[in-house]
Amino acid sequence: QVQLVESGGGLVQAGGSLRLSCAASGRTFRSGAMGWFRQAPGKEREFVAAITWSGGSTYYADSVKGRFTISRDNAKNTVYLQMDSLKPEDTAVYYCADRATITTPQAMRQNWGYAYWGQGTQVTVSS
């Protein structure tokens, strides 16, 4: 059973930065990927970024490309999301999620492929 714990959320002014962390425990395989998703009030959960555990291939939503950077530390089983130039529209609960397999870039952006999810961490960007 994989368990995911997010940390690093908080309140920041527009233009500021935050770094989220997601620590995975119980993961015994090196394949697959970790993703970040977010959900704002009244909106559907949306893909933010993903990274493969082996090889470190990355995927980004167009809305965050150039501002957010996803990275991983395989030794610590931890994935990070560095968020720069934050905007009020980035305000949401951010979730990390784990998937055991890698598929097409389009499918990597779909939440149905991720079997394990963290509890979420709130990110609030004030204008």
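This is a predicted model: local features need pLDDT of at least 70, side-chain atom pairs count only at pLDDT 80 or more; totals for chains, interfaces and linings use all residues.
Rings of Phe, Tyr and Trp (its six-membered ring) count as a pair if their centres lie within 6.5 Å; planes under 30 degrees apart are stacked, over 60 edge-to-face, and the rest tilted. Residues are numbered from 1 along each chain as its sequence is written, and side-chain values use heavy atoms, with hydrogens and water left out.

The structure contains four aromatic pairs. Phe-37 belongs to strand 4 (residues 33-39) and Phe-47 to strand 5 (residues 46-52), so the pair ties together parts ten residues apart in sequence. Strands (E, at least two residues) and helices (H or I, at least four) are DSSP runs, numbered from the N terminus. Phe-37 is buried at 1% relative accessibility, and Phe-47 is buried at 9%. Here buried means under 20% relative accessible area, exposed over 50%, and partly exposed in between (1.4 Å probe, protein chains only).

Phe-37 also pairs with Trp-117. This pair is tilted, at 5.0 Å centre to centre and 50° between the planes. It links distant parts of the chain: Phe-37 in strand 4 and Trp-117 in strand 10 (residues 116-117) are 80 residues apart. Trp-117 is partly exposed, at 27% relative accessibility. Ring pairs join Phe-37, Phe-47, Tyr-114 and Trp-117 into a cluster.

Two arginines sit over rings of this cluster. The charged end of Arg-45 lies over the ring of Trp-117, 4.8 Å from its centre. That of Arg-99 lies over the ring of Tyr-114, 5.0 Å from its centre. The criterion is NZ of Lys or CZ of Arg within 6 Å of the ring centre and within 35 degrees of the ring normal.

A further arginine, Arg-67, is placed in the loop between strand 6 (58-60) and strand 7 (68-73). Arg-67 is buried, at 11% relative accessibility. A polar atom of the Arg-67 side chain lies 3.0 Å from the backbone oxygen of Ser-85. Leaving aside neighbours within four places in sequence, Arg-67 is in contact (heavy atoms within 4.5 Å) with Gln-82, Met-83, Asp-84, Ser-85, Leu-86, Lys-87 and Asp-90.

Strand 8 (residues 78-83) is mostly covered, with five of its six residues buried. Strand 8 pairs with strand 3 in the antiparallel sense over six bridges. Pairing requires at least two DSSP bridges between two strands. Within this pairing, Thr-78 in strand 8 is the bridge partner of Ala-23. Strand 7 and strand 8 also pair in the antiparallel sense, over six bridges. Tyr-80 in strand 8 stands opposite Ser-71. Strands 7 and 8 form a hairpin with four residues between them. In the turn, Asn-77 has a positive phi of about 50°.

One disulfide (cysteine sulfur atoms within 2.5 Å) is found in the whole structure. Cys-22 and Cys-96 form this bond, with their sulfur atoms 2.0 Å apart. The link is right-handed, with 60° about the S-S bond. It joins distant parts of the chain: Cys-22 in strand 3 (residues 18-25) and Cys-96 in strand 9 (residues 92-99) are 74 residues apart. Cys-22 is buried, with a relative accessible area of 0%. Cys-96 is likewise buried, at 0%.

Definitions and conventions: A polar contact is a pair of N or O atoms within 3.5 Å; within protein, one must be able to donate a hydrogen and the other to accept it, and residues adjacent in sequence count only if both atoms are side-chain atoms.
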